[in-house]
Structure formats: C-alpha cells, structure tokens
Amino acid sequence: MAKKIGIMGGTFNPIHFGHLLLAEQAMEAYDLDEVLFIPSGNPYMKDADPIVSGDIRAKMIELALEEHPYFRLSTIELERKGPTYTYETLEELKEKNSECTYFFITGADSLLTMETWKNPERIFKNCVVIASVRGTGTEEKIRKIATHLIYEYKADVHILPTRFIDLSSSEIRHRISEGKSVRYMLPEKVREYIYENGLYRNV
C-alpha cells in the first residue's frame, strides 16, 4: 500500500510546540504514515528578522523530533542552492517516491496566499493540501478560498479544525532577545540548545 506522507515546511526559526501539535493532529486525522519536517534553505519570502543557518535550524528540529517515532527531518531544501520553492520540493519528492501520496500541512494564512506562490498549479498537482483552521472566525473565508482552488486548479484541499495554540517563532525570538522566559513554548532540548549557543539574543 502506498505511503501517506505529511509535509511540514517553513523556516522553523525556531521550531515550537505549535508546529508539533499541528503535525500530530494532521497525522491522526488523515492516518498519515509519517510527517517530514522540511526547513527552508533560502526562502524567497523572508522573515523580517535574520534567519539562523540551515544547519542550526535542522539541529533544533532533530532535537524536537527525537522522541516521536513517525516525525522525520528532511534537508531536501537546505541542499538546494538559491531560493527554495514548494513546487520544486514536491516534484523532487514525487520523483524519488512516485508511489507516495504527499499531504502538505499548512496554516489558514498560507492557504489564503498559496495562489500567489511560484507555480501554484504544480503544487496542487503533486499534493493534497491540509489547511488548519483554529476556530478564529475565519473558517468561512478559508472554505471559500478552498472551493476556489478546487475549481481553478483541481486542487485537493481539506480543512482541519485544530486546537488553538497562540505561538509564533517571531514571538519566541523576541522574548529571548528581551531576556524573557520561553519555557513551555518549545521542547526543552531545543530551548537548552538555543541558550547554550546564544541564539536570538540580538534580534
């Protein structure tokens, strides 16, 4: 039977419990065999804050995933030179494992802008999209854009109601830079690694 593989993409600058909970909920809801966490290499849509190196972000992901048997780190985008595009990642994965079905797990905000991403038709051709909605009153808007993408691109889009966790990597970075605690916002091994290596102190 073909494997069902989830994809969690992003800068993961740093990875936190919000990322992990979304992956877990998607895995459970869609009976995924595993979830790949794919840190972006040189994202063409960059954060306002500096992004720590790919090797450091990959190490933090490794630490965060240590105790989960079905979460995996993939460095496919870190190994690619130049800007990283989602459509290229999906095509490379499909080329290597054509029998697998890939489920691209994303937040509601990203679904609203996916049509503006590079070659969106090639994204939708190679994956099922799982868009999380956190009960913030945007579900109707998300369902409308999903209907549009299904009609315009023959996309396979699913809405996943998720438990709301008000966390963001940017908030974590700024709390660290201000000397505030980030305990219970991200895995303890990741937090220790950040402090041991002096990350995000000058954001």
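**Reading a sheet, its helices and its ring pairs**

Q: Before we start, what kind of model is this?
A: Happy to begin there: it is a predicted model.

Q: How do I read the sheet, and what is the order of its strands?
A: Start with the general idea. Strands of a sheet pair through backbone hydrogen bonds, either parallel or antiparallel. Here, six strands form an open sheet in the order β4-β2-β1-β6-β7-β8, and the pairing is parallel. The edges are taken by β4 (71–73) and β8 (156–161); each has a single partner strand, so one side of each is left without a neighbour in the sheet. On average, neighbouring strands of this sheet are turned by 30 degrees against each other, direction ignored.

Q: Over how many bridges do β1 and β6 pair?
A: Strand β1 (residues 4–10) and strand β6 (residues 101–107) share five bridges, in the parallel sense.

Q: Which strands do helices α2 and α3 touch or cross?
A: Take them in turn. Helix α2 (residues 54–65) lies across β2 (34–39) and β4, and runs at about 160 degrees to β4. Helix α3 (residues 86–96) packs on the sheet with contacts to β1, β2 and β6, and its direction makes about 155 degrees with that of β6.

Q: Now the aromatic rings: how many pairs are there in the whole structure?
A: A pair of aromatic rings is described by the distance of the centres and the angle of the planes. A search of the whole structure finds six aromatic pairs. In one of them, Tyr 85 and Tyr 87, the ring centres are 6.1 Å apart and the planes meet at 35 degrees, so the pair is tilted.

Q: Are Tyr 85 and Tyr 87 buried or exposed?
A: The cut-off for buried is under 20% relative accessible area. Tyr 85 has 18% relative accessibility and therefore counts as buried. Tyr 87, at 9%, counts as buried too.

Q: What is the geometry of the pair formed by Phe 104 and Trp 117?
A: That one is edge-to-face, with 6.1 Å centre to centre and 80 degrees between the planes. The pair links distant parts of the chain, 13 residues apart: Phe 104 sits in strand β6, and Trp 117 in the loop between α4 (108–113) and α5 (120–125). Both Phe 104 and Trp 117 are buried.

Q: Which residues do ring pairs link into a cluster?
A: Look for Phe 12, Phe 37 and Phe 71, which ring pairs join into a cluster.

Q: And which residue lies over the face of Tyr 85?
A: Lys 118 does, at 5.7 Å from the ring centre.

Note on methods
Residues are numbered from 1 along each chain as its sequence is written. This is a predicted model: local features need pLDDT of at least 70, side-chain atom pairs count only at pLDDT 80 or more; totals for chains, interfaces and linings use all residues. Side-chain values use heavy atoms; hydrogens and water are left out. Two strands pair if DSSP finds at least two bridges between them. Helices (H or I, at least four residues) and strands (E, at least two) are DSSP runs, numbered from the N terminus. Axes are lines fitted to C-alpha atoms, for helices over the stretch in contact, and angles run from 0 to 180 degrees between N-to-C directions. Contact means heavy atoms within 4.5 Å. Rings of Phe, Tyr and Trp (its six-membered ring) pair if their centres lie within 6.5 Å; planes under 30 degrees apart count as stacked, over 60 as edge-to-face and the rest as tilted. Buried means under 20% relative accessible area, exposed over 50%, partly exposed in between (1.4 Å probe, protein chains only). A charge sits over a ring if NZ of Lys or CZ of Arg is within 6 Å of the ring centre and within 35 degrees of the ring normal.
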